[in-house]
Amino acid sequence: MKILMVFDFDHTVVDDNSDIWVIRCLPGQTLPDSVKRSYRRDHWTEYMGRVMAYIGEQGVVPDTIRSVMETIPFTPGMVDLLTFISQNKSSVDCIIISDSNTLFIDWILKGAGLQAAVDQVFSNPAGINESGYMEVKHYHSHDCERCPVNMCKKKILETYLSQKPGYGRVFYVGDGRNDLCPTSCLRSHDAVMPRKGFTLEKLLAAQKDQEGSSSVGAEVIGWSSGTEILQELKGSLQSQ
């Protein structure tokens, strides 16, 4: 039976926030206060729409944005992990569920020659409009009160698994607050892998302390580099 690897993107696959990294394409590498102050909690995607509009208004063309995005560093060990996955597609499926956007993820993966590792990307749709500016839209609407208005990762993962049942094991790898919700649909023999020292690890620990036992049924395995994830994946493949 196949294994499914599910990855967040920012601070998981790459070692930074792609939505912040893009500001490096501006001549002064900073946003005006009028744009910065326009952010509202849980409405990040709308904010990024204003950021990308401002970048376009400064005359920054999409090819320049792409070149800057291709310089974002991958998290240590992730290139080796994704390379291994791309070489073992008969045994491993791999998807990304991210609150970044489809263009950034596509550009970064292709720039590194790693797109073959990933079977599907679930992220906010992005494109270039008729003015030559990059636009970002909401991925979907949902009624989950725990997640940002534009994306519930649990809803995405549940839908995917309902369409592709039968995985021997699912690994969910993430770091942030919005990675907590999807962990609740994992099975006891699956694994949630929070990045050590980041928000998801702290939320899982707090949840366990509050409830006496974790509401996450899956095994919790912390990680600091892609090398540790690769070791877990190889071990799971060998035990099948």
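Predicted model: local features only at pLDDT ≥ 70, side-chain atom pairs only at ≥ 80, totals over all residues.
Residues are numbered from 1 along each chain as its sequence is written, and side-chain values use heavy atoms, with hydrogens and water left out.

Six strands in the order S3-S2-S1-S6-S7-S8 make up an open sheet with parallel pairing; strands (E, at least two residues) and helices (H or I, at least four) are DSSP runs numbered from the N terminus, and two strands pair if DSSP finds at least two bridges between them. At the edges lie S3 and strand S8 (219-220), each of which pairs on one side only. Helix H7 (residues 153-163) packs on the sheet and touches strand S1 (3-7), S2, S3 and strand S6 (169-174), contact being heavy atoms within 4.5 Å. The direction of H7 makes about 150° with that of S2, where axes are lines fitted to C-alpha atoms, for helices over the stretch in contact, and angles run from 0 to 180 degrees between N-to-C directions.

Strand S2 (residues 92-101) pairs with strand S3 (residues 120-124) in the parallel sense over four bridges. Asparagine 101 has asparagine 124, in S3, as its bridge partner. Between S2 and S3 the chain passes through helix H6 (residues 102-111), a right-handed β-α-β crossover: with the strands pointing away from the viewer, the path from the first strand over the helix to the second runs clockwise.

On a 1 Å grid over the protein atoms alone, a cavity is a set of points where a 1.4 Å probe fits but cannot get out, while a pocket is an open set with protein on both sides within 12 Å along at least five of seven lines; lining residues have an atom within 4 Å of a point. The largest pocket has a volume of about 670 Å³, a volume being the space filled by probe spheres set on points joined across faces, edges and corners. Its lining has 24 residues, with Asp99, Pro148, Gly176, Arg177 and Asn178 nearest the centre. The largest cavity has a volume of about 30 Å³, and its lining includes Asn101 and Asn124.
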